[in-house]
Amino acid sequence: MAKFFEEESHTFSEYLLVPGYSSSKNIPSNVSLETPLVRYAKGEKPSITMHIPMVSAIMQAVSGPRLAIALAQEGGISFIYGSQSPENEAQMVREVKSYKAGFVISDSTLTPDMTLADVLELKERTGHTTMPVTEDGTPTGKFCGIVTSRDYRVSRDEPQKPVREFMTAASDCITANARTSLKECNDIIWEQKVNQLPIVDDNGNLVSLVFRKDYDSHKSRPDELLDEHKRYIVGAGINTRDYAQRVPLLIDAGADVLCIDSSEGFSEWQKLTIDWIREHYGTSVKVGAGNVVDAAGFRYLADCGADFVKVGIGGGSICITREQKGIGRGQASALIDVCRARDEYYEQTGVYVPVCSDGGIVYDYHMTLALAMGADFLMLGRYFARFDESPTRRLNVNGSYVKEYWGEGSARARNWARYDLGGKKKALSFVEGVDSYVPYAGPLKDNVEGSLTKVRSTMCNCGALTLAELRDKARITRVSATSLVEGGAHDVMLKDSNSDMNFR
Ligand code: RVP
């Protein structure tokens with residue numbers, strides 16, 4: 001006879017926090033959101049602690065180098081997507097590790113043969129108006145010149161006009177060499193009255209750009225997450241198929257932490273992957289595993305030596321696994337079950353294995369709920385896909401700006417290794433994800449700050465100043481379908497029917 005779980009499975013929206021006593025010390029500026037990323041023994045400290053409990057999803061549409069840098073600047077970690085060649089993924093890790101604050105690697109580069117139409121298309125896609133021109137169109141190719149919006153007139157110029165005819169040629173640009181410090185670059189920008197300064201190496205190749213508009217943001221970022229060499233911390237996704245090739249390249253590139261990216265993690269494939277890493281690197285390479293949705297799955301991965309365990313099957317916004325295969329569990333129920341198992345494991349073994357809640361966060365308050373239910377940190381896909389820094393195109397659809405967002409199990413990403421169960425076939429057998437748009441929401445920094453302001457505020461209402469205290473003190477109630485209606489605006493006529501509250 002099958003085992004039947006006693007309780008239905010529930011989602012975050014079916015719960016609310018009941019405020020507890022808060023003292024005059026419970027003010028948002030006193031709240032710490034520090035959280036462990038990897039396992040540690042009682043009395044010791046984890047080797048990596050994040051300053052905010054957020055990581056970005058291991059997805060093509062989410063975690064590229066630009067988002068990784070922006071998130072590390074706020075105190076969280078990106079996991080660069082693994083559904084690309086090991087070499088490309090390692091290159092992305094290297095880009096993050098070699099990033100120097102204030103020196104921007106171009107993500108909108110032209111060739112001299114491209115046209116004004118290409119410039120306009122790129123501008124629409126990335127939102128950038130300043131575009132360097134290199135011989136081969138790569139961000140580190142031979143520097144040929146620069147295009148800004150002052151170089152063309154859309155009303156007069158032909159769309160087919162080649163870039164070489166209207167760019168400011170390299171010989172007329174003020175540039176600096178790669179040994180110039182950020183302070184010196186900013187001095188040049190002010191003295192020469194320019195808005196950007198291309199950094200060019202001794203062979204004439206573009207290295208990066210320094211922008212006047214970034215001047216203020218170079219000032220200290222209190223939460224940024226740095227390694228011992230003051231480089232940004234970055235993670236990388238791996239799979240249970242090509243780890244013997246992929247892991248060495250990622251470690252060599254400087255990845256600080258790895259995570260096995262799999263739709264279903266309660267499997268021997270995960271053990272084989274972790275065993276291989278332990279055999280070759282001992283415990284110096286940190287690796288998370290998942291995804292699981294119950295205590296047994298957690299226990300298995302914790303015993304395998306996973307540094308953290310990721311929870312969630314079928315709850316992702318772009319995920320249709322539950323419809324396609326009939327497997328999964330409501331994200332809240334899965335998380336509660338796994339977090340109980342983590343606490344038991346800690347009591348029994350003295351080893352704390354952090355839990356990551358992956359997928360299904362829609363509202364900011366879901367973040368607080370997930371943390372109160374026990375998550376040490378959250379993995380978010382849709383949330384980050386909406387920002388400037390995600391690697392996807394920004395488009396104007398019916399008058400609104402949107403960004404593209406597609407699942408790793410979609411026909412577009414074809415991340416077969418994430419879903420593979422073994423056998424000869426090296427392709428997706430059927431899709432488990434969709435291709436979609438999400439509302440464009442601007443820069444990561446502003447949005448993360450906004451969301452965490454709400455998290456801090458709710459923590460104060462629960463009398464908690466740390467995430468551990470929140471887990472201890474939170475009082476959580478289930479809500480009926482009728483009281484859900486009561487929770488939103490109701491019985492009034494909204495003035496702004498296009499309100500974007502749903503996405504905040
Ligand atoms: P969300 O934040 O709700 O967009 O969910 C993101 C999560 O969804 C990812 O971290 C991953 O676990 C899962 N995912 C990614 N692709 C797919 C799919 O195609 N089914 N699912």
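Biologist: On what basis are residues numbered and values computed?

Modeller: Residues are numbered from 1 along each chain as its sequence is written, and side-chain values use heavy atoms, leaving out hydrogens and water. Because the model is predicted, local features need pLDDT of at least 70 and side-chain atom pairs count only at pLDDT 80 or more, whereas totals for chains, interfaces and linings use all residues.

Biologist: How many aromatic pairs does the model contain?

Modeller: Rings of Phe, Tyr and Trp (its six-membered ring) pair if their centres lie within 6.5 Å; planes under 30 degrees apart count as stacked, over 60 as edge-to-face and the rest as tilted. By this rule the count is 15 aromatic pairs.

Biologist: Which kind of pair do F266 and Y300 form, and how many residues apart are they?

Modeller: Their ring centres are 5.6 Å apart with 45° between the planes, so the pair is tilted. F266 lies in the loop between strand 14 (257-260) and helix 7 (268-281), and Y300 in helix 8 (residues 295-304); helices (H or I, at least four residues) and strands (E, at least two) are DSSP runs, numbered from the N terminus. The pair thus links distant parts of the chain, with a separation of 34 residues.

Biologist: Are Y383 and F384 buried or exposed?

Modeller: These two residues form an edge-to-face aromatic pair, 5.1 Å centre to centre with 80° between the planes. Buried means under 20% relative accessible area, exposed over 50%, and partly exposed in between (1.4 Å probe, protein chains only). On that scale, Y383 and F384 are both buried.

Biologist: Which residues have the most contacts inside the largest nonpolar core?

Modeller: A nonpolar core is a set of buried Ala, Val, Leu, Ile, Met, Phe, Trp, Tyr and Cys residues joined through side-chain atoms within 4.5 Å. The largest one has 108 residues, and its largest share, 8 residues, comes from helix 10 (residues 331-349). Beyond its neighbours within four places in sequence, F384 is in contact (heavy atoms within 4.5 Å) with residues including M54, V62, L71 and L444. The residues with the most contacts inside this core are L258 and F384.

Biologist: Which ring lies under the charged end of R241?

Modeller: A charge sits over a ring if NZ of Lys or CZ of Arg is within 6 Å of the ring centre and within 35 degrees of the ring normal. K42 provides one case, with its charged end 5.4 Å from the centre of the ring of Y346. For R241 the distance is 4.1 Å, and the ring is that of W269.

Biologist: How many disulfides are found, and how far is the sulfur of C319 from the closest cysteine sulfur?

Modeller: A disulfide is a pair of cysteine sulfur atoms within 2.5 Å, and a search of the whole structure finds 0. C460, which is buried at 5% relative accessibility, is in no disulfide, the nearest cysteine sulfur being that of C462 at 9.2 Å. For C319, the closest cysteine sulfur is in C356, too far for a bond at 15 Å.

Biologist: Where is the residue K230, which has a positive phi?

Modeller: K230 has a phi of about 65° although it is not a glycine. At 68% relative accessibility, K230 counts as exposed. Its place is in the loop between strand 12 (206-211) and strand 13 (235-238).
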